Amino acid sequence: MIHKLFFTLSVWASIQVTTTYAQSHTALPIQQYRVTETKINDLIHTKLDVKFDYAKRYLYGQEWVTLKPHFYPTDSLRLDAKGMDIKEVSLLHDQQKTALKYNYDGESMLINLGKTFQSTDQYTIYISYVAKPDELKAKGSAAISDAKGLYFINPDGKDPNKPIQIWTQGETEASSAWFPTIDKPAQKTTSDISITVQDQYTTLSNGALTNQQKHADGTRTDTWKMTQAHAPYLFMMAVGDFKITHDHYKSIPVDYYLEPTYASYAKEIFGKTPAMMAYYSQVLGVEYPWNKYAQVVARDYVSGAMENTTATLHGEPVQKTSRELLDDNEEGTIAHELFHQWFGDLVTAESWSNLTMNESFATFGEVIWHGHDGGQDKEDKSRFEKLQSYLRSTKNGKSQTLARFYYHDKEDMFDNVSYSKGSVILYALKNQMGDAAFYQSLQKYLTDNAHKTGETHQLRLAMEEITGKDWSPYFNQWYYQGGHPILDIQYTYEQGMQKIVIKQVQDSTVQTFSLPLNIDFYTANGKETKAIVINQRSQEFSFPFAQKPNFIDFDPAKILVGEVRDNKTQTDYSYQYKYAPSYSNRNQAVSYALYNKNKETTQLLVAALDDQEEELRAIAIQGLDLSDPIIKKMVESKIIAMAQQDVKTKVRASAIFALGNSGDQKNLPIIEKGLKEQSYAVISASLYAIKRLAPSKLDRSIAALDSEAKTYLATLIKKLKNNS
């Protein structure tokens, strides 16, 4: 699952990501150790037959659930079943039903099986029930805003601007709000789900659509069959007026379910999916493991997206027109959910304590896709953003452990530690291990545990078998202890020796880290790389150089999962932008120049106008004040050209905004030309610029917009008019 990341619409305001995750450092110590749920019975097969009452918002269900004792003999079965009316519970044998006694408390049923079953026995329970999700008092979280499992959207059709839909959301343990099950991630079951709906609606569920039967009353029953076992929280249904766009990866169907209004944009939204499937299959050494892959977009979704097996459900932000896609897309979300089909669905976290085995990997999957698709700079940018997102949720280096066996509520696991921090920890591990060994280890982990569950120890053991190296120290430090290092670095050069004093200054309650890192020294003779290991709270390293190095790039690959305070000078920032231009170094240099205005930093910002990364170009523009005659002479013609010709809409928008702040009326025709663009970001910037440069023309400019732009930008237009 991914939880929606919110970016500022104004590209000139910030390029940093803010999130809805809870602040990791605010959590209180927990004393209860969260064990993996003991398996008394194992799910084998789940057959459901469901239909809906839209007026009451009920699901009427029949279930045939087949189980077996896990090891020890048992005469009872406990099923999670939240807020239901239970009509019948029977044991099936030779097509005969025997009523069973049970106790039900509104959360779970304890069923007396009437006899003792051995681990070699399978048995089937029949249950007739009514699910009432809207009457369920379900607890959500900061990450997943609701947990009632089954959602009726506009069921009475009274809202003309919203379609009638039904969809489900199982994670963490909400599938048991729409069918009785053992609602734990360590359980896996095959499934048959028969869904009866009005004939005009489309359905989607896990696996293959094996049968469609129309009925005389205008309804239709669709049966979806899943022959490979998967966890109950990954069961899904979606019902609505969806138009299907067909695609494929090799012989595997790849389908996109969208509202009819957006169906023509399906390939623009999701079109990279087959290429993602090919890349992930190749890099992991494990082919896409399911019989299909579908993606559906639902209204009023309670989170960002959910990786249901073979059928990801997206929230409506992914549903965009061609014009909206000019400015932004949800490609990272699409990649994240797809990577879950391996990490989370094929091999599922054994318990919520091991959520890192799902979410850290899916977030890592985003990072490597951006690199594969867009090059190293895009990969580094994605990784940089994940690290900064994590760091902003911490204080003094304190954060929760990654493999976390103490927590208040399972929902607390869905935080910046499980997602962002875990992804960069994996990336750092890849760096230490080497790509070949790392991906062979993932292949082994996935192959050994396919259609089962996994935890961090199994990952470590797979890596040790591939590499022959004991990775316990790495896992002990990064998975089983919390926090991150904060390094304070001081540089001195004396008598032919470059000295570096490094102190770990994170909170005293945070562990002392062992950190194998590289340092690049830039000298007149070129670049020299030295390897060091930091493993004390204070250390001094000395390196002989005939002359003082021109620049020292600490951790040049930027794999450190932590903070660095290396007391750089203005000259250092200028040097690193020009001669050590990793994405992180360029970002840091531009950020420094933005808030430290002088002649040298102005030159750095001028250079950044040609940066290959659009966010840095956009920010550099905003750091250059065109009302200053000297700066105007230097860059005005460049920014005018960028306003009209840059290939990225956020850069054109930033340039137009800057021209509006220039105070120069001659730029007005260029700004007005921006009103005719398709990009909403460019149009928005143009309106802001006109408001600043020629406010008397604002109403006329708004009136000249096409109707689509007026509708999309209605909130902005109202704001601009109210502030006039």
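**Entry: what I am reading.** I note that this is a predicted model, in which local features need pLDDT of at least 70, side-chain atom pairs count only at pLDDT 80 or more, and totals for chains, interfaces and linings use all residues. Residues are numbered from 1 along each chain as its sequence is written, and side-chain values use heavy atoms, with hydrogens and water left out.

**Entry: Ser-684.** I found Ser-684 in helix α18, residues 680-693. Helices (H or I, at least four residues) and strands (E, at least two) are DSSP runs, numbered from the N terminus. The side chain of Ser-684 reaches the backbone oxygen of Tyr-680 at 2.7 Å. Not counting residues up to four places away in sequence, Ser-684 touches Leu-713 and Leu-716; contact means heavy atoms within 4.5 Å.

**Entry: Gly-61.** I then went to strand β4, residues 58-69, where Gly-61 has its place. Gly-61 counts as buried, at 3% relative accessibility. Leaving aside neighbours within four places in sequence, I list Asp-49, Val-50, Ile-127, Ser-128 and Tyr-129 as contacts of Gly-61. I also looked up a distance: the C-alpha atoms of Gly-61 and Asp-247 are separated by 33 Å, and the two residues are 186 residues apart along the chain.

**Entry: Val-35.** Val-35 lies in the loop between β2 (18-19) and β3 (41-53). I read a relative accessible area of 61% for Val-35, so this residue is exposed.

**Entry: the whole chain.** I count 21 helices and 31 strands in the secondary structure of the chain. The radius of gyration is 29 Å, close to the 27 Å that the globule rule gives for 724 residues, so the chain is as compact as a globular protein of that length. That radius is taken over C-alpha atoms, and the globule rule is 2.2 Å times the number of residues to the power 0.38. Along the principal axes, the C-alpha atoms fill a box of roughly 90 × 65 × 45 Å. Of the 724 residues, 58% count as buried. Among contacts in the chain with a separation of 6 or more, 68% come from residues 24 or more positions apart.

Conventions: Polar contact = N/O pair within 3.5 Å; in protein donor to acceptor, adjacent residues only side chain to side chain. Buried < 20%, exposed > 50% of the residue type's maximum accessible area, 1.4 Å probe, protein only.
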